[in-house]
Amino acid sequence: MNFISIQLRLFVQESIDPKNFIGKHLSTSEFNKWKNFLDKEAAAILLSVTDWQQGFQEYDEKHIESLITALVNLSNMLNSYMFKSPPLLKNHPQARSIKEHYYYSLHLLEGLLLSLGESFPGPVASVKISQANLRAVIPRLKEKFYKLSDHFNDLPIDKELLDIVIPGLSALIYKRDITWEDTRYIASLMDLLLNDSELDNKKLADLLIIHDFNIQAFYLYYLHKLRERLDNIPGLHEQREMLLAEKDRLYNLTTEKGLTMPSKNRSLFMELGEFVNGKYTFAKKRVKLQRRFIRDTKNARTNTRFLINLPVPQFGLFIRMQIEKGFLAKENLGELFKFFAGHFYTPNTLYISPDSLQKKSTDVEFATAQKLKGHLIGMINWLNTNYNLSNYN
């Protein structure tokens, strides 16, 4: 649905462009036509919106956003004519009258935006603010920002955190295409911080989480501080308990009614919670692996499993030799290797993988065969020595 006529767009974009007035004289009638045309167009827009408003639905918000965005763009164009193109009209004999009509046009469009804002507060809030309005909005935010900066100087807050919060707020104020939602969030957050005279590092950080101060620098600050705490806790069980407590703390913070940063698909709590959950899951796995390691080490020292002083590849080849020479049956090879893997361990491998042991029994490197041959020769020499077999045929 298009509420703005093509004639209005062309009029602002082309007909009253300062370049068109160079060397041209406008009659009183032309100036009157300028005002009359804009008055009729504004009235037509309001009439269309009023009629359509009766059956307004949520999905129609996009149409209203489109209308407001178009009006803001036209307003910004008029603003640029007045403040960015004055040299073009500097020597024009009717410069004053042209500028007055620019002001009239701008005032008319801003009046339309104000009227739409009263009728459709939701869609208006999410559209960028016009340049004309920014001249009033930004100074008010800056004034509050300077008060907050002075307020921080009187509080026991580390420079590391202030170096994130102060530039972060400044960046939000000077954000490109800032919206009314953005300004309300920024102003409300600064008011909350200004009214708290007991801020310290922890309380400030907690308030920023509660009120969704979702900027990358603060997110990374939180991650860094959490890692520092983890590094100072040597025990895995204690780390897991701390992370569990942090998950609970974050949840409790979000139960407090706080602000929501506009233009963010995910809240700060969701992103921080995801990181803490990941750390907690990792800590649980490490505890589980540690328990398994302790259990495996203990089992390895019992009579149920025995140490064989051969690396896994040589052990596999040793078993294969017995199979090939008929000492061990060739049936159920998988179960056979599973038995050896379950009842023996090597100096470097507490628990042998049956599949790996079987695979290494056939995929034999020359060095492995050479080493095992040396062991077998040593065994033969032992028999010769202990049973007088050296000269026996």
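1. His151 is found in helix α7 (helices are DSSP runs of H or I with at least four residues, numbered from the N terminus). His151 is buried, with a relative accessible area of 16%; buried means under 20%, exposed over 50% and partly exposed in between, with a 1.4 Å probe and protein chains only. Leaving aside neighbours within four places in sequence, His151 is in contact (heavy atoms within 4.5 Å) with Leu193, Leu194, Asp196, Ser197 and Leu199.

2. On provenance: this is a predicted model, in which local features need pLDDT of at least 70 and side-chain atom pairs count only at pLDDT 80 or more, while totals for chains, interfaces and linings use all residues. Residues are numbered from 1 along each chain as its sequence is written, and side-chain values use heavy atoms, with hydrogens and water left out.

3. The largest nonpolar core has 51 residues, of which Phe152, Leu204, Phe213 and Phe218 touch the most other members. Such a core is a set of buried Ala, Val, Leu, Ile, Met, Phe, Trp, Tyr and Cys residues joined through side-chain atoms within 4.5 Å. Two or more residues each come from α7 (131-153), α8 (159-173), α9 (180-194), α10 (201-210), α11 (216-231), α12 (236-254) and α13 (268-300). A second, separate core of 38 residues includes Phe3, Ile4, Val49 and Ile98.

4. Not counting residues up to four places away in sequence, Phe213 touches Val165, Gly168, Leu169, Leu172, Tyr185, Leu189, Leu208, Phe218, Met261 and Leu268.

5. Helix α5 (residues 95-119) has 25 residues and reaches 36 Å from first to last C-alpha, close to the 36 Å expected at 1.5 Å a residue; the expected span is 1.5 Å times one less than the number of residues. Its buried residues include Ile98, His101, Tyr102, Ser105, Leu109 and Glu110.

6. Helices α14 (residues 312-324) and α16 (residues 354-362) pack at about 70°, with their axes 7 Å apart. Axes are lines fitted to C-alpha atoms over the stretch in contact, and angles run from 0 to 180 degrees between N-to-C directions. The pair is therefore roughly perpendicular, the label for 65 to 115 degrees. On the α14 side the contact is made by Val312, Pro313, Phe315, Gly316, Leu317, Ile319 and Arg320, and on the α16 side by Leu357, Gln358, Lys360, Ser361 and Thr362.

7. Ser80 is found in helix α3 (residues 61-83) and counts as buried at 19% relative accessibility. Ser80 and Asp17 lie 63 residues apart in sequence and 9.9 Å apart in space, C-alpha to C-alpha.

How values were computed
Angles under 35 degrees count as roughly parallel, over 145 as roughly antiparallel, 65 to 115 as roughly perpendicular and the rest as oblique.
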